[in-house]
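Dear colleague,

Here is the structure I promised to pass on. Please open it first, then read my notes below.

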Amino acid sequence: MSSGTQYVVAAYAVIWFGILLYVVVAGARTARIARELELLSRILERRDP
Amino acid sequence: MTEALRGRGLAVSGTLAAVLTTLAVIGVFLVAPEDADQGIIQKIFYFHVALASASLVGFLVACIAGLLYLRRREERWDELSATAVGISLLFSGLVVVTGSIWAKASWGTWWVWSDPRLVTYLIVVLLYAAYFVLRSSAEGERRRRHSAIFAVAAFASVPLSFWSVRVANSFVHPVVFTQRGANMPGSMLVWFVVSQAAMLAVFATLVQLQLVQSRAERALQRLKSLVEA
Amino acid sequence: MSLLWARQLRALVLKDLRLELRTRDTLAAMVLFSLLAMVLLQFAFGRVESDLTRFAGGLLWVVLALTAVLGVGRSYVAEREQGVLDGLLAAPVSRLVLIGAKALAIAGYLVAVEVVAVPLVGIFFVRGPFFSELGWIVLVCLLADVAIGLLGSLMAALALFGRARELLLPIIFLPSLVPVVIAASGATHAITGGPNDMAEYRGYCLFLGVYAVTFALVTFATYESVFDD
């Protein structure tokens, strides 16, 4: 692989990484929302069985 | 009703983004001709430029959403504004990094001050990072109001920065145009357009993703306060 | 009736300037700071290059930009500390006039600093005609001061309250100031860096004018929302 190609790959890898990182952050956020929703539903179930 | 619409919007732009991105990558690497001067390194530009203009659109959206918030004081405009700035900032960061990689590939150094777009985007990153510093310094209504004003002022700074950098460069170095739009052969131009559309679709998808999450969080908050009551 | 705003503007600007002249603390500090900055820059560059004439334009405006941060940061202090702001906002003065007056006051402080700083830059750094060309430099200063004033009055209002406001102001202010520094130093350099390059000079001065008009427009679009209701 010529050095030029290596740089192109690096650039595209960075873009890929950047967007995936964002997806991971979004995923963590969704996970937190899901956790709290579960907690809430459990509280509510205990309240009105 | 709005929920069904929102869900569909995300699915549409997400699918579009996936299709266009794949198409763009295939086109850029397998179809588009290699540049005569720069060789394969030029291929970085397809996405480098696409990210740059997508982020610009994003900052414009944030500016307009900011103005709409100031006029109507509806929270959803502030939310759109902040989300747009966030994702555009991510894209701008990627512009700077990919530009730096290009600089290393072309000039042997990790940075050049002679490329107006690269330098402008460095300034843009600083500018919009400040947006979030400003946002965290205030709460509630003032946060939204100040953020909206800054989104407008910052967007005005973007073309001013670009022109001042470019004018300054033209007097000092010969202007290094990283690619001449008008002289580009059609076989390259079409893939620039596809990459552009792809990045815009990705932008729209990420924005909607974040907005959906914000809605979920707010509903969660309402639920929490109801349960605690 | 149409001159009411002009009279209000004048009154507010004079109030600020008189307040400053009476206490003189901000002005003196700004002048001293500019001198210190010059000395620091001399030691940063002067060891390598004994003749800093070519850098004088840039030096002047880096010094003035940093000094402006101090001045802008202090521009609403009087109002905030004495609770005068609420009184002013309650008065039948348009907020546009309020911000406009603040912009002029900031420009005024900068002019006062430049009275000392510009000749000193000429003495310390410029070998060659300087005082004969002072008129051109004065014009640059006036244009840049108006631009900085317009930007500063808006940014300072955003950084009025909230946590860590002394740190917040430079962060939101400086990125937008970059084009002003580029243009002002370019215009100054066109005069001080050898034979006068009037084409460059005009280009940069035009840019400063465009910048000032742009931020006047931004202020006009957002002034109603800048202060809390």
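This is a predicted model: local features need pLDDT of at least 70, side-chain atom pairs count only at pLDDT 80 or more; totals for chains, interfaces and linings use all residues.

Chain contacts first. Two pairs of chains are in contact, and chains B and C share the most contacts. Chain A and chain C have no contact between them. Their closest C-alpha atoms lie 24 Å apart.

Now the B–C pair. Here 28 residues of chain C are in contact with 27 residues of chain B. On the chain C side, three helices each supply at least two residues: α7 (134-158), α8 (165-192) and α9 (198-226). The most comes from α9(C), with 11 residues. By type, the chain C side that touches chain B has 18 nonpolar residues, seven polar and three charged.

Next, helix α2 of chain C, residues 25-45. How far apart are its end C-alpha atoms? They are 30 Å apart. At 1.5 Å a residue, its 21 residues should span 30 Å, so the two figures agree.

Which residues of α2(C) are buried? They are T26(C), M30(C), V31(C), S34(C) and L41(C). Seen down the helix axis, these buried residues fall within an arc of 135°, so they line one face of α2(C). The general rule behind such a pattern: an α-helix has 3.6 residues a turn, so residues three or four places apart point the same way.

The face of α2(C) turned away from the buried side carries exposed residues. These are D25(C), A28(C), V39(C), L40(C) and F43(C).

Best wishes

Key:
Residues are numbered from 1 along each chain as its sequence is written. Chains are lettered from A and ligands numbered from 1 in the order in which they are written. Helices (H or I, at least four residues) and strands (E, at least two) are DSSP runs, numbered from the N terminus. The expected span of a helix is 1.5 Å times one less than its number of residues. A residue is buried if 20 or more other C-beta atoms lie within 10 Å of its own, exposed if 12 or fewer, and partly exposed in between; C-beta atoms are placed from the backbone. The arc is that of the directions from the helix axis to the C-beta atoms. Two residues are in contact if their C-beta atoms, placed from the backbone, lie within 7 Å. Ala, Val, Leu, Ile, Met, Phe, Trp, Tyr, Cys and Pro count as nonpolar, Asp, Glu, Lys and Arg as charged, and the others, Gly among them, as polar.
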